[in-house]
Amino acid sequence: MTTDAFLADCRARLAFDLLSNTWNAVVLWALRDGPRRPVELRGRIGGISSKVLTETLRRLQSNGLVDRQAHPGAPPRVEYRLTALGRTLLAPIDAVGAWAFEHGDELMAAQESEGTTTLRSPSE
């Protein structure tokens with residue numbers, strides 16, 4: 001794998017691809033305090049559908065960022081937790097969030113001046 005950011009197999013592009021999906025970072029952040037059941041995650045995350053949450057959890061699991069643990073019983077219970085690798089993304093997500101908090105007004109002002117005041121939803 002190369003380190004040239006313009007090539008398709010670059011590691012940096014893999015990371016940017018992970019973070020460019022809005023729901024990936026949101027779900028990782030929602031899991032930062034410990035394991036959660038899907039219903040708990042939906043309660044913490046506004047605007048995410050069950051389908052999108054399931055797709056996001058599967059994507060994060062396939063990338064080694066989230067671990068799925070099934071608990072026996074009736075009804076069966078499933079929890080998701082961050083892996084050690086998933087925890088390494090919390091600092092970059094926090095940094096992007098801090099940047100957005102600091103510069104959010106500037107972004108919104110630029111959108112208003114361009115007539116694009118409405119942000120597209122992550123599902124679009």
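Pockets and a buried glutamate

Author: In this predicted model, helix 4 gives the most to the lining of the second largest pocket, with five residues.

Reader: Which elements each supply at least two residues of that lining?

Author: They are helix 3 (38-44), helix 4 (50-62) and strand 2 (77-82). The lining of the second largest pocket has 13 residues, and Pro38, Thr54, Leu57, Val78 and Tyr80 lie nearest the centre. The space in this pocket is about 170 Å³.

Reader: How do the residues of this lining divide into nonpolar, polar and charged?

Author: Six are nonpolar, two polar and five charged.

Reader: What lines the largest pocket?

Author: Its lining is Leu19, Ser20, Thr22, Ala25, Val26, Trp29, Pro92, Ile93, Val96 and Gly97. Helix 1 (11-20), helix 2 (22-30) and helix 6 (90-114) give two or more residues to it. The volume of the largest pocket is about 270 Å³.

Reader: Why is Glu79 called buried?

Author: Buried means under 20% relative accessible area. Glu79 has 14%, so Glu79 is buried. This residue lies in strand 2.

Reader: What makes the pair Glu79 and His71 a polar contact?

Author: The limit for N or O atoms is within 3.5 Å. The side chains of Glu79 and His71 are joined at 3.1 Å, and the pair is a polar contact. Beyond its neighbours within four places in sequence, Glu79 is in contact with residues including Pro35, Arg36, Asp67 and His71.

Conventions: Residues numbered from 1 in each chain as written. Predicted model: local features only at pLDDT ≥ 70, side-chain atom pairs only at ≥ 80, totals over all residues. Heavy atoms only, no water. 1 Å grid on protein atoms, 1.4 Å probe; cavity = no way out; pocket = protein on both sides within 12 Å on 5 of 7 lines; lining within 4 Å. Points joined across faces, edges and corners; volume = space filled by probe spheres on them. Helix = DSSP H or I, 4+ residues; strand = E, 2+ residues; numbered from the N terminus. Nonpolar A, V, L, I, M, F, W, Y, C, P; charged D, E, K, R; others polar. Buried < 20%, exposed > 50% of the residue type's maximum accessible area, 1.4 Å probe, protein only. Polar contact = N/O pair within 3.5 Å; in protein donor to acceptor, adjacent residues only side chain to side chain. Contact = heavy atoms within 4.5 Å.
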